[in-house]
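Here are some notes on the charged side chains and strand pairing in this model. Please read them with the structure open.

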Amino acid sequence: MKQEINPKDTNRAVAFELWMKSPMPMVTFTKTFDATRLYKVSRRRGLKFNMLLCWCIGKAASKIEEFYMLPQNGKLYKYDRLAINVIVNNCKGGINSCDIPYTDNLQQFCHDYQKLTTKAASECQSTFLDDHLVVGTSSMIQTELDCIVNQYTDQFCNPMVMWGRYRKKWLKVSLPISFQFHHAQMDGGHAARFLEELQKVIKTI
């Protein structure tokens, strides 16, 4: 469910006043993750690496209160559910956007991910969950990337997690990940906590 709330009744009151009217309110953090366990689980269970990472992102985000609030059009909204957005290459050579509802149940998330992305690819239609707080993702696995910076605009305020191809060296797999967020939604400390939580989830999946 999505509902408008008064920023003054939240811990984002000061930040909302400072950053809501900023012409460039987005902030980007980049961290290199140890993705060795994620890679091993993907290989052993025959599951897509990106699907597992999307679930880990949802798991980490679900533990942080600020992820359930989003500034939009000068207002602040609160959600009670999360979704992970993925970009899908469709059968016509274009792309579509696909929102996957997050659940703690990895098996269910895997089922939904496979079903919805396959449908988007074959039917060339995007799906959106407007009643969910959507965490965007973008994977550029065609090449290794050190950092990704998305467009800095007030037209798109959702948090965004981006990465390129993982890197294998000896027995270790690493992956630089960029995290972009609206400063009215969260502060740097919250973003840092999310990245630390994401690493924990990746190491224990």
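1. The backbone nitrogen of Leu 129 lies 2.8 Å from a polar atom of the Asp 99 side chain. A polar contact here is a pair of N or O atoms within 3.5 Å; within protein, one must be able to donate a hydrogen and the other to accept it, and residues adjacent in sequence count only if both atoms are side-chain atoms.

2. On the basis for these values: the model is predicted, so local features need pLDDT of at least 70 and side-chain atom pairs count only at pLDDT 80 or more, while totals for chains, interfaces and linings use all residues. Residues are numbered from 1 along each chain as its sequence is written, and side-chain values use heavy atoms, with hydrogens and water left out.

3. Asp 99 sits in strand β6 (residues 95-101); strands (E, at least two residues) and helices (H or I, at least four) are DSSP runs, numbered from the N terminus. Asp 99 is buried but has no salt bridge, and the nearest side chain of opposite charge, Lys 2, is 11 Å away. Buried means under 20% relative accessible area, exposed over 50%, and partly exposed in between (1.4 Å probe, protein chains only). Lys and Arg count as positive and Asp and Glu as negative; His and the chain ends are not counted. Residues touching Asp 99 include Ile 84, Leu 116, Phe 128 and Val 134, leaving aside those up to four places away in sequence; contact means heavy atoms within 4.5 Å.

4. How many salt bridges are there? The count is eight, a salt bridge being a side-chain nitrogen of Lys or Arg within 4 Å of a carboxyl oxygen of Asp or Glu.

5. Asp 131 forms a salt bridge with Arg 81, with the closest N and O atoms 2.6 Å apart. This pair links distant parts of the chain, 50 residues apart: Asp 131 is in the loop between α4 (106-123) and β7 (133-140), and Arg 81 in the loop between β4 and β5 (82-89). Asp 131 is partly exposed at 30% relative accessibility, and Arg 81 is partly exposed at 37%.

6. Arg 167 forms a salt bridge with Glu 144, the closest N and O atoms being 3.6 Å apart. Glu 144 lies in the loop between β7 and β8 (160-164) and Arg 167 in strand β9 (residues 167-169), so the pair ties together parts 23 residues apart in sequence. Arg 167 also meets Asp 146 in a salt bridge (2.7 Å, N to O). Asp 146 is exposed, with a relative accessible area of 56%.
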